[in-house]
Amino acid sequence: MDSFDFLDDNDPASPAIQIVRDAGNGGEEAWRSQLPKLLPVMPLRGVVVFPGTVAPFTVERAASRQLLEELLPKGRLLGLVTQRDADEDEPGPDGVHPVGVLGNVLRMMRQGSETLIVLIQILERVRFTDFPETHPYLRAAFEILENRLPDPADEEWVAKFNNLKESAIRLVTTNPNIPDEAAQAVNTMDDPVLLTDFLSTNLSIELPHKQQLLEQTDVRARLEEVQRIVSNQQHIAELQQKLRDDVETEFSDAQRRAYLREQVRAIHRELGEDDGGEEQTEELRERLEAARLPDVVLEQARRELKRLDIIPPASPEHSVIVSYLETLAELPWSALSEDHFDLDLARRVLDRDHFGLEKVKRRLVEYLAVRKLNPEGRGPILCFLGPPGVGKTSLGQSIADALGREFVRISLGGIRDEAEIRGHRRTYIGSMPGRLIQELRRAGTRNPVVMLDELDKIGADFRGDPASALLEVLDPRQNHAFVDRYLDVPFDLSQIIFIATANYLDPVPGPLRDRMEIIEIPGYTEEEKLQIARRYLVKRQLRENGLKSRHCRWNTAALRVVIEDHTREAGVRNLEREIGSVCRTVAARVAVDDSVSVAVTPGLIAEALGPPRFVREDKVMVSQPGVVNGLAYTPVGGEVLNIEAIRFPGSGKIQLTGQIGDVMKESMYAAWSLVQNRAEKLGIDSADFRCHDVHVHVPAGAIPKDGPSAGVAMFTALSSLFSDRRVSKDIAMTGEITLRGLVLPIGGLKEKSLAAERAGIRTILIPALNEKDVADIPPSARKKLRIVPVKTVDELLRHALLKG
C-alpha cells in the first residue's frame with residue numbers, strides 16, 4: 001500500500017457515523033433527508049449485495065475511482081448495481097440491471113496508485129428510473145423500493161418465518177463451510193426483511209437468482225423462495241455430511257489396521273525376525289484393493305492374505321501364495337477396451353490388409369454389424385478353415401484393429417495336456433494358470449480378440465483331451481464363469497471374441513465343431529497371387545532386405561514366372577520366400593554399388609531361382625479318340641488333367657495308373673460300366689469289350705490324385721475310345737456321374753475354370769447344378785470361356801465328341 005486515507009469513524013460530525021449511530025433511532029430520517037436528486041452509480045462485477053449488510057469493495061476502474069474521489073468531499077451516498085456482463089469495462093445504462101441498492105461509504109483507503117478499498121453500508125433497495133449523465137461515470141434518478149410486509153398477526157406468516165429461522169440454523173450447523181457465529185446471528189433476527197436479506201447474501205446462489213431476490217419487494221414471496229433454497233441446500237449438506245462420516249469411519253478403520261500391523265512389524269524387528277515379508281504382504285493387499293476384484297474373488301484373496309501372514313517366508317508354500325495373489329492382482333477383472341463399431345473403417349482395414357476374399361470380408365462385416373446392434377449378444381465363434389498361407393491369422397488381427405481391441409494369439413498345435421487350457425492345480429511348486437488366463441494377464445483387458453490357431457493340430461494322451469477342455473471356453477452360455485484350476489475362482493470370458501483357425505476340419509471333434517461357424521477360405525488364384533505380390537509382398541521384401549524401389553523394379557512377367565514355375569501352393573508363403581530370394585540377389589549387387597538399378601525380368605528369375613520347379617500340364621494338343629481334358633481341384637488351385645485311354649487285344653480287363661485314389665478309381669469303374677451299358681446307343685460293338693483290355697492313365701504319376709469330379713472325363717475318354725470318335729482338344733470337363741447317366745455337381749468350379757482359361761481352353765462342360773457357382777468365376781475369365789451346363793452324359797457327348 002502506498003498511502004492510507006481513513007474517514008474518521010470517531011468524529012461526531014461525520015455524517016456516515018451519525019447514520020450508523022442513529023440507525024433505528026432517527027438515523028433513517030437523517031440519510032433520507034440527505035438524498036440527492038441524481039445518485040452517482042458504481043457498477044459491480046459478479047456480485048449482488050443486499051440491504052442490512054456492510055461490504056468491502058476493491059475499486060480499480062478509473063471511472064469508479066473518480067466517482068469516489070468526487071463523492072467523499074460532498075457526501076457519502078451512492079448507488080451500487082450489478083452489471084449484466086462482468087467482462088464489460090465501462091457499462092452504460094443498458095449494461096446494468098434496473099434495480100440496485102443505496103450505499104453509504106463508511107471507510108476508504110488507498111492501495112497503490114490505482115486501487116481503492118472501500119467499506120460500504122448497504123441501506124435500501126432502489127430502482128434507477130433514468131440515467132441523464134453517463135460520463136465520466138453514471139448518475140441516475142432513482143426511487144426507494146419499499147418492502148411489502150404481510151400482517152404480523154397472520155399465524156401462517158409467523159409459522160413460515162419461524163420455519164425459515166429453524167431451517168437456516170440447521171443448515172449452518174450441518175455445513176462446515178459456514179461459521180458457527182452465523183447460527184447465533186440468525187437466532188437473534190426477528191425482522192423478516194433482515195433475515196431474508198442476510199440469508200440471500202450468504203447462501204450459495206447463482207447470480208441471476210440473487211438479482212431476482214433483490215428485485216422482489218414482496219417479503220412473503222421472498223421468504224418462500226429463500227425457504228426453498230435453504231431446504232434444498234440443507235438436503236445437499238446432509239448428504240455431504242453422511243458421505244464425510246462414511247469416509248471418516250472407513251479411514252479410521254484403515255488407520256487402526258495400519259497401526260496394528262505396524263505394531264506387529266515392530267515386534268518382529270525386536271525378535272530379529274524382520275525379513276521384509278510384511279511389506280510384501282501390504283503391497284499385495286494394496287494391489288488387490290486397486291484391482292477392483294469381484295466379491296467372490298476378493299474374499300478368496302483375503303483368505304490367502306491371512307494365510308500369508310502366518311506362513312514363514314522360508315516356506316515353499318509362501319512363494320506359491322505370493323505368485324497366486326500376484327496373478328489375481330494383475331488379471332483384468334474389470335478392464336475393458338472400448339469398441340469402435342465403425343463398419344466403414346472395418347471394411348477399409350480388411351481391404352487394406354487382404355486382397356480378394358470378398359465372401360469372407362462380407363461375412364466378417366456382417367458379424368461386426370451384429371455386434372454393434374447387440375453388444376451383449378452371444379455371437380457365434382468363428383472358425384477360419386483353409387490351407388496354410390491364405391491369411392487366416394492376419395484376418396483375426398485385422399478384426400482386432402477394426403474394433404480397437406487387443407489381439408491375442410494362442411497356438412494350439414501339438415498341445416496334449418488339458419492343463420494347457422484349464423491350468424494346473426496349486427498343489428505343487430511351479431503350477432501356473434492355463435494359456436488363456438496367461439494371455440489375458442499379458443493383454444491387460446478382458447475383451448481382446450483371441451485367435452485359437454491350428455485347432456486341428458490338438459493332440460490327446462493320458463494327460464487329458466485339450467479339445468474337450470475347449471468346449472467350455474467356446475460355449476457362450478458357459479464361459480461367463482470359466483474356472484481355471486489355478487485360479488479356482490470364476491473368470492468372465494463372455495466379452496472375448498474367439499476366432500479359431502484350422503487347415504482341415506476332420507480332426508476337429510464333432511462337439512467342438514458344433515460350437516463354431518465355419519468360414520472357408522479357399523486358396524488364391526494366380527491372378528489374386530499376382531495382385532497380392534504387387535501390392536504387399538514385393539514392398540515388404542524390399543523393405544526387409546534394405547532395398548528401395550529405385551534399386552529393384554519388378555515387372556508383371558517376372559512375377560508370373562515365379563508364381564507359375566517356382567511355387568505351387570494355396571497361399572502365398574512360398575511366393576514371398578521366392579520373391580525374397582530374388583531381392584537378396586539384387587541386394588548383393590546394390591551393396592557393391594548403391595547407384596545400381598536392377599529390373600527384375602524372367603531372365604533374372606532364372607538366374608536367381610534356377611530352372612522351373614513345377615511344370616503344368618497343358619491342354620491336349622491334338623484331338624484324338626481316348627484323350628480328354630479333365631479339370632481337377634487341389635489345395636493349391638485348379639489343374640488340367642490329360643486323361644488318356646488306350647485299348648489292345650485281351651480279355652476285357654481294365655488297368656488304372658497315375659497314383660489314382662480310391663474315389664477316382666470308383667468313378668473309373670462307374671464310367672466303364674456305364675459305357676458298356678450304353679454300347680448300342682453309342683454305336684459300339686459289345687464284343688469289343690470282351691476281346692480288348694483297356695489302360696487308363698492320368699499323367700504326372702508322381703502326384704496323388706483323387707475325387708469324384710473326373711467321372712465325366714473318364715466316361716468321355718472310354719466312349720471316345722470304343723466309338724472311335726475324337727474329343728475336341730479345346731474342350732475341358734468336370735463332373736461326377738451316376739449309373740443312370742446323370743451329371744452331379746462338384747466343388748472348386750472357380751479354380752477349375754481359371755486353370756482351363758490359363759491352359760488356353762475355350763469351352764468347359766460343367767454340371768447344370770453348378771450354374772449357381774458361375775458368378776464366383778472372375779469376370780475376366782468368364783469373358784474368355786464358353787461355359788456349357790449339362791445334365792446327362794448324353795448331353796455331355798453331344799458337346800464333347802466331334803462328328804465323323
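Two strands are taken to pair if DSSP finds at least two bridges between them, a cut-off that applies to the sheet views of this predicted model.

**View 1. Strand β8 beside its partner β9.** In the parallel sense, β8 and strand β9 (residues 449–453) pair over five bridges. One of the residues that can be located here is Ser-411, whose bridge partner in β9 is Asp-453.

**View 2. The open sheet that contains β8 and β9.** Five strands, in the order β8-β9-β12-β7-β13, form an open sheet in which the pairing is parallel. Because β8 (407–411) and β13 (516–520) each have a single partner strand, they stand at the edges, and one side of each is left without a neighbour in the sheet. From one strand to the next, the twist averages 25°.

**View 3. Helix α16 on the sheet.** Helix α16 (residues 435–443) lies across β8, β9 and β12 (497–502), and the helix runs at about 155° to β8.

**View 4. The packing of helices α20 and α22.** Helix α20 (residues 556–565) packs with helix α22 (residues 602–609) at an angle of about 40°, and their axes are 8 Å apart. On the α20 side, Ala-557, Ala-558, Val-561 and Val-562 meet Pro-602, Ile-605 and Leu-609 of α22. The residues of this contact between α20 and α22 divide into seven nonpolar, no polar and no charged.

**View 5. The protein chain as the setting of the close-ups.** The secondary structure of the protein chain comes to 29 helices and 24 strands, and buried residues make up 48% of its 804 residues. Its accessible surface comes to about 39700 Å², of which 50% belongs to carbon and sulfur atoms.

Note on methods:
Residues numbered from 1 in each chain as written. Predicted model: local features only at pLDDT ≥ 70, side-chain atom pairs only at ≥ 80, totals over all residues. Heavy atoms only, no water. Axes fitted to C-alpha atoms, helices over the stretch in contact; angles between N-to-C directions. Helix = DSSP H or I, 4+ residues; strand = E, 2+ residues; numbered from the N terminus. Contact = heavy atoms within 4.5 Å. Nonpolar A, V, L, I, M, F, W, Y, C, P; charged D, E, K, R; others polar. Buried < 20%, exposed > 50% of the residue type's maximum accessible area, 1.4 Å probe, protein only. Areas by Shrake-Rupley, 256 points an atom, 1.4 Å probe, with all protein chains shown as cover.
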